[in-house]
Amino acid sequence: MEIEASVPEFKKTIEDNKEVAYYIIRLKANNQQWSVEKRYSDIAQLHEDLKNNHGSLPILPPKTIFAIKTYDDIESRRAKLDTYITVG
């Protein structure tokens with residue numbers, strides 16, 4: 001079964017009076033499509049769990065010291081996540 005994965009977009013929202021970004025992850029397989037919205041921290045945690053249990057993985061875009069807030073910075077991370085998820 002072939003699975004296609006991408007991170008084609010993101011959305012910004014307010015949580016606990018803070019602006020946060022969710023990355024939209026799309027998966028396609030067997031003529032079906034699913035989408036999930038995940039924060040970068042969720043993706044980073046999954047990456048670490050998979051790496052610890054399965055070894056070598058593509059390089060995840062790095063964490064930043066300060067919160068990413070500008071459209072350009074979030075879009076840049078989205079593009080890097082898209083590359084990360086489609087490698088392999």
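Guide: One term before we start: contact here means heavy atoms within 4.5 Å. Also keep in mind that this is a predicted model.

Visitor: Okay, what order do the elements run in from the N terminus on?
Guide: Start with the tally: the protein has two helices and three strands. Reading from the N terminus, the order is β-β-β-α-α.

Visitor: And how many residues does the largest nonpolar core have?
Guide: Strand 1 (4-15), strand 2 (18-29), helix 1 (40-54) and helix 2 (71-86) are the elements that give two or more residues to the largest nonpolar core. Its members include Val7, Phe10, Tyr23, Ile43 and Ile74. In soluble globular proteins, nonpolar side chains tend to be buried together. For this core, the count is twelve residues.

Visitor: Tyr40 is in that list. Leaving aside neighbours within four places in sequence, which residues is Tyr40 in contact with?
Guide: Tyr40 is one of the buried residues of helix 1, and it belongs to the largest nonpolar core. With neighbours within four places in sequence left aside, its contacts are Tyr23, Leu60, Pro61, Pro62, Lys63, Arg77 and Leu81.

Visitor: What distance apart are the end C-alpha atoms of helix 1?
Guide: Helix 1 has 15 residues, and at 1.5 Å a residue they should span 21 Å. The model agrees with that, because the end C-alpha atoms are 21 Å apart.

Visitor: What arc do the buried residues of helix 1 cover around the axis?
Guide: The buried residues of helix 1 are Tyr40, Ile43, Ala44 and His47. They sit on the same side of helix 1, because around the axis they cover an arc of only 100°.

Visitor: So which residues are exposed on the other side of helix 1?
Guide: The buried residues of helix 1 have cover that includes strand 2, strand 3 (32-38) and helix 2. Over on the other side of helix 1, the exposed residues are Asn52 and Asn53.

Visitor: Take Ala44. What separates its C-alpha atom from that of Leu60?
Guide: Ala44 is in helix 1 and counts as buried, because its relative accessible area is 8%, where the cut-off is under 20%. Not counting residues up to four places away in sequence, Ala44 touches Leu60 and Lys63. Ala44 and Leu60 are 16 residues apart along the chain, and their C-alpha atoms are separated by 7.4 Å.

Visitor: Over to helix 2. What arc do its buried residues cover?
Guide: The buried set in helix 2 is Ile74, Arg77, Arg78, Leu81 and Tyr84. They lie on the same side of helix 2, because the arc they cover around the axis is only 120°.

Visitor: Which residue's side chain makes a polar contact with the side chain of Arg78?
Guide: Arg78 is among the buried residues of helix 2, and the cover over those residues includes strand 1, strand 2 and helix 1. At 2.8 Å, the side-chain polar contact of Arg78 is with Glu75.

Conventions: Residues are numbered from 1 along each chain as its sequence is written. This is a predicted model: local features need pLDDT of at least 70, side-chain atom pairs count only at pLDDT 80 or more; totals for chains, interfaces and linings use all residues. Side-chain values use heavy atoms; hydrogens and water are left out. A nonpolar core is a set of buried Ala, Val, Leu, Ile, Met, Phe, Trp, Tyr and Cys residues joined through side-chain atoms within 4.5 Å. Buried means under 20% relative accessible area, exposed over 50%, partly exposed in between (1.4 Å probe, protein chains only). Helices (H or I, at least four residues) and strands (E, at least two) are DSSP runs, numbered from the N terminus. The expected span of a helix is 1.5 Å times one less than its number of residues. The arc is that of the directions from the helix axis to the C-beta atoms. A polar contact is a pair of N or O atoms within 3.5 Å; within protein, one must be able to donate a hydrogen and the other to accept it, and residues adjacent in sequence count only if both atoms are side-chain atoms.
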